[in-house]
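Thanks for making the time, everyone. I would like to walk through one structure this morning, going piece by piece, so please keep the view open while I talk.

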Amino acid sequence: MVQDDPASSGADDVPGEKAAWSGTDGQGPQRQPSLLDDHVEALAVAEQVATWRAFAAPLAADSGAVVQDPELVKLAAAILAVYADHQSRRGLTFAQLGDGLRRLGIRVPRGAIDARLEHLHRMGFLEPYLPKMYQGHYIVRPAGLAGALAAARVTERGGVDELILLLDRTRTTLGARHPDSGQVLTHLNSCRHALMVFALDLHRRVAAGTAAELIEACRQHDHSSFTRQVVELNEMVTAQFSRNHELEEAGAALIEAEQFYRSQVRAAIGKILAQGGGGLNFDVLTPAEYEAAAVTADMDLLAEVGTGLLADMPGVHLNPEALIEVVETYQPRSRTRVRPPEPTGTEHPDPLAAAEEAREAVRRYRRLGLEALLAGASEVDLTPHMQQGWDAAARIIVDALALDADPDEPFELDLSEYLLISPGAPVTYLHPARLIRTDIPGHGDGLTPEDSAQHGAADAG
Amino acid sequence: MPDSTGDRNLIPQEPAHPQSLPQPTAAESPHAADGAVLLARIRAVGSTPADVAASTIAAAARAAGQVDRQLIEVAVPGGTRRILALGWAEGAAPDPGQHQSAPPRQLSPVQLLTWATCLAAAWPRAEADPYPGAPFRREDVLRACIGMGAHDRTVVAALRILSQAGMIRFTGSVGRLGPAAAALPHDTWSALRRMHDRLPHAALQQHAAASTGTTDSEYSETVSGARQIPGPPAGPVSVHDTLVRAAVTALENAQGPVARSDLGMLADPAIRRATESALADCGRALVLTQEGSWTTGYSDHIARTLAREQAGTLGKEQRAVLALVLLRAVAIPRAQGRLDGAWTSSSHPVTLDELAANRQLSHTKVSDALQGLRAAGYIASTPSGGYVLGPAIARLSPAGVEGLWEDLIVLARPYGYMAERIRARRSGTSAADAGRRANVHKEERG
């Protein structure tokens with residue numbers, strides 16, 4: 001595990017910006033954190049940094065050129081997402097990039113983001129949209145995109161993707177109508193070099209690696225298709241350049257390299273299996289592979305699991321007393337909701353009549369309430385009654401409005417337009433209101449106050 | 001098991017075997033292995049044909065006798081074939097209250113009610129031999145249980161579970177008591193005979209009057225009884241032997257692993273060795289789980305033998321669904337880092353919908369397979385309706401667990417070097433040959 005001395009960190013590292021955000025995917029089930037988690041996380045970070053150092057070594061001017069915080073590398077990939085999501089086609093300013101990164105859930109301090117964007121600009125990852133000074137809009141240079149993606153990929157697959165890419169590129173070159181022998185030779189040699197590098201790394205891991213390193217190696221290198229691809233490449237070389245001894249030798253050397261590589265993969269796998277599967281660790285494959293098998297594996301493949309398993313259930317223990325008790329007292333658990341009892345018959349089975357009766361009762365109660373406020377007078381100021389509380393105010397105003405709107409009721413509501421505000425009163429603001437009874441003398445209907453009182457008494461009765 | 005003349009008169013009416021077996025001689029010892037396979041087969045299947053060598057039966061009876069068990073030979077209803085089941089020695093039976101951490105397997109109330117109804121139908125007269133008893137109709141039992149207040153679906157499920165447990169057996173719609181009923185302890189049958197009049201005869205007669213086709217002649221021709229195959233002669237049992245028998249009884253009849261604190265006697269190396277020896281004679285092995293509890297499982301060589309014979313193995317669809325459960329409940333959460341510790345007791349439940357997400361398996365197939373897996377002990381249900389690994393997974397030996405892990409690796413990456421290496425090791429060929437065969441298989445699959 002290679003880790004830099006913090007003192008030798010690159011000049012672009014920003015203090016205090018470590019691990020302030022947890023990635024943009026927001027996925028992954030959560031579990032109870034433990035002290036061990038911190039240790040595992042530290043190891044994973046160190047492994048990532050070591051991989052990037054090796055990855056960037058051909059490009060770096062000194063050993064401190066690689067960042068120490070993986071979150072800063074992820075930030076570069078997040079910038080790609082900001083550009084993809086933004087509507088602007090003329091580049092983005094640093095401010096827009098900062099806003100976009102925060103929308104993606106990145107919680108790096110603003111100063112740290114600005115410093116990082118400035119660094120990416122200096123390195124050419126971000127370049128001005130127009131070649132003018134101070135125009136302030138930037139786009140990502142495609143090479144920067146490749147770097148950001150490769151940086152992420154190299155930590156996931158340990159560089160095996162490069163080998164796959166080399167093999168594919170060689171196959172494409174050989175598949176051309178008129179393949180260039182020089183180019184084919186270069187590609188064959190590149191494949192051989194890559195295989196040898198991986199084979200030697202595996203050899204080291206088998207000899208001195210930890211169980212975790214071996215499991216990691218198995219996850220990355222357990223692809224038996226390499227053998228088939230190399231054999232096919234060799235056949236293509238023979239078919240296309242049957243008399244080109246240099247290419248045929250290169251093809252044979254590639255096969256030898258693949259055999260050596262394969263032997264090292266098998267040695268690593270054999271060591272894992274000899275150690276009981278690294279404690280029967282499921283990390284030897286990726287979660288995606290298990291998920292794919294759970295969805296796409298066919299019946300025959302699935303049924304190869306557990307062919308040696310035997311039914312192993314104990315016999316039933318029977319308690320005769322419990323048996324008889326169940327027979328005599330069995331009460332099933334009800335699974336259906338029990339209906340409430342049928343209501344008894346009413347005098348008015350007609351629902352419309354019942355509704356009409358209920359409406360009449362409500363009107364009568366309202367009338368009685370307002371008449372109580374009138375106290376036999378022809379009109380009354382409702383304001384002091386409403387100021388007693390919000391409940392009373394609401395009830396009074398609703399009753400008065402309802403009876404005012406009812407043409408059969410002899411009530412009028414005079415609602416002021418101005419607002420009465422009383423900060424210390426239970427009802428802090430209201431519109432003053434007066435209630436007027438229109439069926440008493442003085443309002444043209446010929447009724448005396450006694451008649452009115454009798455009317456109310458009859459209603460109350 | 002009692003017969004018509006009393007509770008302890010199952011001694012053979014035609015004694016083909018000696019009343020008591022002599023101690024094994026040097027010439028007999030090779031039969032001990034066959035006896036162990038026979039006992040393990042009974043454990044896996046519930047019964048085994050009785051037409052095996054007398055020496056094998058004698059060895060099995062002797063091994064069973066060492067752990068308070070007894071071989072019982074019973075007739076297969078409707079035929080002349082006889083089978084062997086594993087009953088209990090005189091006065092022996094698991095004690096449900098002895099080990100709180102792992103009580104013996106018991107029936108739920110509705111299962112008890114259903115079996116009581118089956119028993120009442122099969123055993124109308126207390127003085128008769130209850131096994132195999134009279135045939136009864138599924139419909140009659142169903143109607144009687146529903147008449148007593150049980151829901152039809154729960155009774156149907158109970159009939160299926162009782163059948164899987166060997167307590168009853170159905171041929172079409174006609175059922176009889178199963179070999180597991182014949183193997184119930186003597187004391188249980190004595191108590192049932194005393195309480196015979198309290199079985200649900202009335203409910204059964206009320207609903208079965210019109211439909212039953214059972215006749216007395218049919219009943220009488222089935223009363224062929226069961227007989228115990230005697231084990232070693234009874235003799236003084238030392239405290240040491242008592243402890244070994246108690247430990248084996250607890251381990252073999254517990255639903256799952258038993259806590260160490262419940263089996264303190266196994267901390268004594270001498271008792272542990274004696275327990276292992278007694279279990280080995282029965283084809284079983286003592287297993288210490290990763291959580292530190294005790295349980296038992298099949299010895300590796302016995303398991304291989306039974307698997308070759310396809311005795312008690314899982315069906316194709318059951319294996320496929322178990323693979324899905326293992327992928328969902330074990331492999332995926334562990335590869336994602338969500339779970340750690342021993343994976344044989346995974347507590348991560350999976351739902352029926354998750355399992356049926358596989359493109360090859362419908363809900364119905366998955367559901368049917370889950371029932372079989374539950375009966376075999378490999379799946380258990382959670383109160384929330386999910387499925388977790390069952391107690392039989394914890395009974396696997398270390399080699400069995402490793403084999404299952406390898407199966408999952410081969411399943412998830414069937415054409416990798418690791419799968420190739422695993423196949424080669426199992427088939428005893430070189431990895432290259434195994435790889436070639438895998439690639440041919442891959443090409444055939446397209």
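Let me begin with a working definition, namely that a residue is called buried if 20 or more other C-beta atoms lie within 10 Å of its own, the C-beta atoms being placed from the backbone. Please also keep in mind that this is a predicted model.

With that definition in hand, look at helix H12 of chain B, residues 300-309, where the buried residues are Ile302(B), Ala303(B) and Leu306(B). Viewed down the axis of H12(B), these buried residues fall within an arc of 100 degrees, so they line one face of the helix. Just after H12(B) comes Gln310(B), which takes a positive phi of about 60 degrees.

Staying with chain B as a whole, we have 19 helices and eleven strands, and 51% of its 446 residues count as buried. If we take the contacts in chain B with a separation of 6 or more, 67% of them are between residues 24 or more positions apart.

Now to the strands of chain B. How many residues of strand E2 are buried? Seven of the seven, across residues 69-75, and this holds on either side of the strand, since Arg69(B), Leu71(B), Glu73(B) and Ala75(B) point one way while Gln70(B), Ile72(B) and Val74(B) point the other way, and all are buried. E2(B) runs antiparallel to strand E3, residues 82-88 of chain B, and seven bridges join the two, with Gln70(B) standing opposite Gly87(B) in E3(B).

There is also an open sheet of three strands in chain B, in the order E4-E6-E5, with antiparallel pairing. Strand E4 (136-137) and strand E5 (168-171) stand at its edges, each with a single partner strand, so one side of each is left without a neighbour in the sheet. Between E4(B) and strand E6, residues 174-177, the antiparallel pairing extends over two bridges, and Phe136(B) is found opposite Gly175(B) in E6(B).

Helix H2 (residues 70-85) and helix H3 (residues 94-103) of chain A pack with their axes 9 Å apart, at an angle of about 100 degrees, and that makes H2(A) roughly perpendicular to H3(A). From H2(A), the residues Ala78(A), Ile79(A), Val82(A) and Asp85(A) meet Leu97(A), Gly100(A) and Leu101(A) of H3(A), a contact that by class has five nonpolar, one polar and one charged residues.

Leaving aside neighbours within four places in sequence, Gly251(A) is in contact with Leu188(A), Leu233(A), Asn234(A), Val237(A) and Thr238(A), and its C-alpha atom is separated by 9.4 Å from that of Met236(A), 15 residues away along the chain.

Finally, the contact between the two chains takes 60 residues from chain A and 88 residues from chain B. On the chain A side, helices H10, H11, H12, H13 and H14 each supply at least two residues, and H12(A) gives the most, with eight. By class, the residues on that side divide into 35 nonpolar, 14 polar and eleven charged.

Conventions: Residues are numbered from 1 along each chain as its sequence is written. Chains are lettered from A and ligands numbered from 1 in the order in which they are written. This is a predicted model: local features need pLDDT of at least 70, side-chain atom pairs count only at pLDDT 80 or more; totals for chains, interfaces and linings use all residues. Axes are lines fitted to C-alpha atoms, for helices over the stretch in contact, and angles run from 0 to 180 degrees between N-to-C directions. Helices (H or I, at least four residues) and strands (E, at least two) are DSSP runs, numbered from the N terminus. Angles under 35 degrees count as roughly parallel, over 145 as roughly antiparallel, 65 to 115 as roughly perpendicular and the rest as oblique. Two residues are in contact if their C-beta atoms, placed from the backbone, lie within 7 Å. Ala, Val, Leu, Ile, Met, Phe, Trp, Tyr, Cys and Pro count as nonpolar, Asp, Glu, Lys and Arg as charged, and the others, Gly among them, as polar. Two strands pair if DSSP finds at least two bridges between them. A residue is buried if 20 or more other C-beta atoms lie within 10 Å of its own, exposed if 12 or fewer, and partly exposed in between; C-beta atoms are placed from the backbone. The arc is that of the directions from the helix axis to the C-beta atoms.
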